[in-house]
Amino acid sequence: MAPITPFKIDILDSRLQHLRQKLALTDLPTELEDLDPHNEQWSRGTPLSEITRLAAYWKGHFDWRKVEARLNAELPQFTADIEIDGFGSYNVHFVHKRSSVSTGQGEQVIPVLFLHGWPGSFLEVSKILPLLVNGAEGEPSFHVVAPSLIDFGFSGGSRSKAFGMQQHAEAYHKLMLALGYEEYVIQAGDLGYVISRLMTSKYGATHIKALHTNSAIPAEPIVGSHPALHTELQNETLTDFDKAGLARTASFSKDGMAYVALLATRPQTLGYSLTDSPVGLLAWIYEKLHDWTDGYPWTDDEILTWVCLHYFSKPGPAAPGNLYFALDRDSPVPGNPFAVVQGYIPDVPLGISRFARDLVLLPKAWNRTIGPVVLQREYERGGHFGAWERPAEIVGDLRALVREARIG
């Protein structure tokens, strides 16, 4: 059993000083002068005015030590050395908080593994954590585990070109076993969803009792793969929600997927800029925070906290590109990196939250191609970062999934 070591974030003063020096020496690009500030401000990427303001605040007023103290106080953190078959030991950082609810009649406490994506981090669990561990009377509560994915945050780096998504799946399953959780549920989005699907395929209902996601990416049911469902859908009319989702997906596929192509093919080239320039990293991440949310009112402190968790990460801010590179190489279908997780997994009940402003939102019925869907809910508000933007909905749907799947 892997030993569990308490962890506190404690960035060296020298690194903070180095960051301030980097910010002071920043050279900014020019920007076109005739952009309409109301309709075109974000049309070419993160606006110069936004970066100028945030960089100045970062250098002169942002208090990382205050953020660090708050994260350490609110999020119980640990590390564990996890043995990955054929790859040796990997140090995994994680948040772990057990529910204090006393189990009794009609009450249950269920372990849940929360898997974040990019450009997120373990921080994304912070809004749902207090809701999960404190279940209302008669409602399930949860023991929560939220790792920094390998290549993110305060976990180690992947080190080898052969380290792929299957190794990620193995790492977090073994982490749950090391914590004594033989059976658990998963809540996941973005890259975490990909990993969760590989986990359910590999470890199935023996260990994983249900999967909830806000990032389902099914394949279209066609005659060759799903003849009965294909025939059924020929006689059904798409809902307005589905039509809007398809339009949103098409727009994102056309104008928003360049980052995937770059990270899946040349992550090392981009990595020099992300590592050397904190302002470059800020622009890279802030664009996604702005574009991928549904009008979420980001504060400057929130934006810079998200960025700092990449800038100060143990493997460095370029390391997450390794996951996209690995995902692209693992895919059995060229040009579709998500094909690796689009098969039907029969043994694990699925719950799906569908937020209207997510990036990929395919017709609701298509989700029946990936597993036994026992819960689907649609929301007119919300974007890609479900646990951050709509924490109550994520927690409510996870609890409903547990009830529908009769877990506990």
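**Before you start**

This is a predicted model: local features need pLDDT of at least 70 and side-chain atom pairs count only at pLDDT 80 or more, while totals for chains, interfaces and linings use all residues. Residues are numbered from 1 along each chain as its sequence is written, and side-chain values use heavy atoms, with hydrogens and water left out.

**Stop 1: the core**

Select Trp64 and Met199. Of the 114 residues in the largest nonpolar core, these two touch the most other members. A nonpolar core here is a set of buried Ala, Val, Leu, Ile, Met, Phe, Trp, Tyr and Cys residues joined through side-chain atoms within 4.5 Å. Buried means under 20% relative accessible area, exposed means over 50%, and partly exposed is in between (1.4 Å probe, protein chains only). In soluble globular proteins, nonpolar side chains tend to be buried together.

Now show what surrounds Trp64. Leaving aside neighbours within four places in sequence, Trp64 is in contact (heavy atoms within 4.5 Å) with Ile9, Ile11, Leu16, Cys308, Leu309 and Phe312.

**Stop 2: the largest pocket**

Next, select Asp255, Gly256, Glu287, Lys288 and Asp291. Of the 24 residues that line the largest pocket, these are the closest to its centre. The pocket holds about 600 Å³ of space.

How is a pocket found? On a 1 Å grid over the protein atoms alone, a pocket is an open set of points with protein on both sides within 12 Å along at least five of seven lines, whereas a cavity is a set of points where a 1.4 Å probe fits but cannot get out; lining residues have an atom within 4 Å of a point. Grid points are joined across faces, edges and corners, and a volume is the space filled by probe spheres set on the points.

Colour α8 (240-255), α9 (258-265), α10 (267-276) and α11 (278-291): these are the elements that give two or more residues to the lining of the largest pocket. Helices (H or I, at least four residues) and strands (E, at least two) are DSSP runs, numbered from the N terminus. Which helix gives the most to this lining? That's α11, with 6 residues.

The lining divides into 11 nonpolar, 6 polar and 7 charged residues.

**Stop 3**

Move on to Ser158, Lys161, Pro267, Asn322 and Phe325, which lie nearest the centre of the second largest pocket, lined by 23 residues. Helices α10 and α13 (321-330) each give two or more residues to its lining. About 450 Å³ of space lies in this pocket, and its lining divides into 9 nonpolar, 9 polar and 5 charged residues.

**Stop 4**

For the largest cavity, select Gly117, Glu124, Gly189, Asn214 and His384, the nearest to its centre among 14 lining residues. β4, β6 and α14 (386-389) each give two or more residues to the lining. About 100 Å³ of space lies in this cavity, with a lining of 5 nonpolar, 7 polar and 2 charged residues.

**Stop 5: along α5**

Jump to Gln167, in helix α5 (residues 165-178). Is Gln167 buried or exposed? It counts as buried, because its relative accessibility is 15%. A polar atom of its side chain lies 2.7 Å from the backbone nitrogen of Gly164. Ala178 is also found in helix α5. Select Ala178 with Ile4: they're 174 residues apart along the chain, yet their C-alpha atoms are separated by 8.3 Å.

**Stop 6**

- Pro119, in the loop between β4 (109-115) and α4 (129-133), is joined to Trp118 by a cis peptide bond, with omega about 5°.
- Arg159 has a positive phi of about 70° although it is not a glycine, and at 61% relative accessibility it counts as exposed.
- Asp190, in the loop between β6 (184-188) and α6 (191-207), has a positive phi of about 55°, again without being a glycine. At 15% relative accessibility, Asp190 counts as buried.

Terms used: Nonpolar A, V, L, I, M, F, W, Y, C, P; charged D, E, K, R; others polar. Polar contact = N/O pair within 3.5 Å; in protein donor to acceptor, adjacent residues only side chain to side chain.
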